[in-house]
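Subject: Two-chain model, structure and notes

Hello,

Here is the structure I said I would pass on. Please look it over before reading the notes under it.

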Amino acid sequence: MTLSLPTTIPLQAYLLLAAVLFCVGVWGLINSRNAVRVLMSIELMLNAVNINLMAFSSYLDGQLIRGQVFAIFVITVAAAEAAVGLAILLSLYRNRETVDMERFNLLRW
Amino acid sequence: MTIASTTQLICFVALSATLVLGALGVVLLPNIVYSAFLLAGVFLSVAGLYLLLNASFVAAAQVLVYVGAVNVLILFAIMLVNKKEDLADIPGLALRRVLSGAVCGGLFLLLVRVAITTPWALPGPASIGDGATIRIGEHLFSDYLLPFELASVLLLMAMIGAIVLARRDVYSSDVITGEPADQGLIEKARTPLLTGKPSP
């Protein structure tokens, strides 16, 4: 049995890549001290989801590319989320003089 | 767009390496400005992957929206809040990192198992190729018309909300003397949350 390179990129390659990106995003989301980096991690996770949607739309739904339409909506929502998130962050920074996530514990039990 | 399969493979491997290394850099680098620039690299390589998947419209939207708007917004936020601050040590931080790393590794193994063992219905219908943009337009103006219109309302709401949230309040009159103040010059005193001192 010889291991030969695939002639085309398999669907699983895209899925694994998206899984790596998503897990890195989750780890960054949990462990970041800087609030801006938390927002960046959220963007990484949204991009991982988009890669999945695009891969499925290209491999399993080649004619009615509904996954691409969904990806466009995800991009729209991500843009809105980034704008509101950064505005909240600026307002928070003006009040608390820090971006350390550990010190934003006003609503924590 | 049809490229030779070897070229496609090489592009995929290069883009994947950029993507994974860039994502790790975004999360791990101590300097957050470098993280923001690496994030732009991650977004660009994701756009490259979309091009490999025959989705030129979404790739263009990715570059315009993510690299052009979101990343610039993040850079602005970094410039506005970039104060050197010494983060206080937290007990058990290393343990927390290891534990969350284990959780993320477990999640990754689960995703890998699902991706490999699921019998995907391959090969699906033939790819539409260059007609993707036309098909997306047909979708957006027929069966996805309501979400498309709602997206515009959502963007408007996000824009107004961001302006309201990030705006600085100014007093129209001086707090102490009561005489009208020069608009835009006097900034409202900071009202620290829960620090004990009531604001004037």
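Predicted model: local features only at pLDDT ≥ 70, side-chain atom pairs only at ≥ 80, totals over all residues.

Every value here is computed from it.

Interface

Contact between the chains involves 75 residues of chain A and 87 residues of chain B. The size of an interface is often given as the accessible area lost when the parts come together. For chain A and chain B that figure is about 7,600 Å², with 74% of it on carbon and sulfur atoms.

The rule finds one salt bridge across this interface. Its partners are A:Glu102 and B:Arg96, whose closest N and O atoms are 2.9 Å apart.

By residue class, the side of chain A that touches chain B divides into 49 nonpolar, 16 polar and 10 charged.

Aromatic pairs

A search of the whole structure finds seven aromatic pairs over all chains. Two that cross between the chains are described here.

In one of them, the ring centres of A:Tyr14 and B:Phe12 are 4.9 Å apart and the planes stand at 70°, so the pair is edge-to-face. This pair runs from helix H1 of chain A, where A:Tyr14 sits, to helix H1 (residues 5–28) of chain B, which holds B:Phe12. A:Tyr14 has a relative accessible area of 1% and is therefore buried. B:Phe12 is buried too, because its relative accessible area is 8%, under the 20% limit.

Another pair, A:Phe56 with B:Trp120, is tilted, at 5.1 Å centre to centre and 55° between the planes. A:Phe56 belongs to helix H2 of chain A, while B:Trp120 is in the loop between helix H4 (93–117) and helix H5 (132–140) of chain B.

A:Asn31 is placed in helix H1 of chain A. With a relative accessible area of 4%, A:Asn31 is buried. Not counting residues up to four places away in sequence, A:Asn31 touches B:Arg96, B:Arg97 and B:Ser100. B:Arg96 is also the residue that forms the salt bridge with A:Glu102.

A:Ser32 lies in the loop between H1 and H2 of chain A. Its relative accessible area is 7%, so A:Ser32 is buried. A polar atom of the A:Ser32 side chain is 2.5 Å from the backbone oxygen of A:Gly28. Leaving aside neighbours within four places in sequence, the contacts of A:Ser32 are A:Arg37, A:Val38, A:Ser41 and A:Met101.

Regards

Methods. Residues numbered from 1 in each chain as written. Chains lettered and ligands numbered in written order. Heavy atoms only, no water. Contact = heavy atoms within 4.5 Å. Buried area = accessible area lost by both parts, 1.4 Å probe. Salt bridge = Lys/Arg side-chain N within 4 Å of Asp/Glu carboxyl O. Nonpolar A, V, L, I, M, F, W, Y, C, P; charged D, E, K, R; others polar. Helix = DSSP H or I, 4+ residues; strand = E, 2+ residues; numbered from the N terminus. Buried < 20%, exposed > 50% of the residue type's maximum accessible area, 1.4 Å probe, protein only. Polar contact = N/O pair within 3.5 Å; in protein donor to acceptor, adjacent residues only side chain to side chain. Phe/Tyr/Trp six-rings, centres within 6.5 Å; stacked < 30°, edge-to-face > 60°.
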